[in-house]
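Here is a short briefing on side-chain packing.

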Amino acid sequence: MSKPDELLVDVATLVESGQSNQMSLTVVTGGAVITGRLAPEAVWRQRVSEVLTDSARLGEFAAIFTATTPHEGPPTHLHFHVARILQGTVGIPETGGMYRVSIADVSAWTMGDFSYSDH
């Protein structure tokens, strides 16, 4: 979208203000369908930092995710956790991943997450 969808920005703003991680959303961006739950950016960054800290090879990157200043103005990105990229009837990764998606790049969206079949 050349101009971010104001309603989607409002959803992201509410997630950020409430510190909730229960909003399920599915978006189409760059030809990919991503489905999962939104998290406030600070919560998402902390979780990414924890995962990186636990990694023997990637631990040095953990500080990048916790050493940031708060963003002023409306949210510019959606922060998914427990999310999957849908490919056919499969959701990858199986355990759910963490994705950061620019709201300006979302071409379509719907409330809720899509189910998928791994059979």
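Contact here means heavy atoms within 4.5 Å. The model is predicted. Two topics follow.

**Largest nonpolar core**

- This core has 16 residues. Leu25, Val27, Ile34, Leu38, Leu78 and Phe80 touch the most other members.
- Five elements are listed as giving two or more residues to it: α1 (6-18), β1 (24-29), β2 (32-38), β3 (77-87) and β4 (90-102).
- Helix α1 supplies the largest share, five residues.
- Leaving aside neighbours within four places in sequence, Leu25 is in contact with a list of residues that includes Leu8, Ile34, Leu38, Leu78 and Phe80.
- The Leu25 contacts also take in Trp109, Thr110, Met111, Gly112 and Asp113. Thr35 and Gly36 complete the list.

**Second core**

- A separate core holds five residues. Among them are Ala39, Trp44, Val48 and Ala62.
- Why does Trp44 count as buried? Its relative accessibility is 7%, and buried means under 20%.

**Aromatic pair**

- The count comes to one aromatic pair.
- Trp44 and Phe65 form this pair, which is edge-to-face. The centres are 6.2 Å apart, with 65 degrees between the planes.
- The pair links distant parts of the chain. Trp44 sits in helix α2 (residues 41-53) and Phe65 in helix α3 (residues 62-66), 21 residues apart.
- Phe65 has a relative accessible area of 23%, so it is partly exposed.

Terms used
Residues numbered from 1 in each chain as written. Predicted model: local features only at pLDDT ≥ 70, side-chain atom pairs only at ≥ 80, totals over all residues. Heavy atoms only, no water. Phe/Tyr/Trp six-rings, centres within 6.5 Å; stacked < 30°, edge-to-face > 60°. Helix = DSSP H or I, 4+ residues; strand = E, 2+ residues; numbered from the N terminus. Buried < 20%, exposed > 50% of the residue type's maximum accessible area, 1.4 Å probe, protein only. Core = buried A, V, L, I, M, F, W, Y, C linked by side-chain atoms within 4.5 Å.
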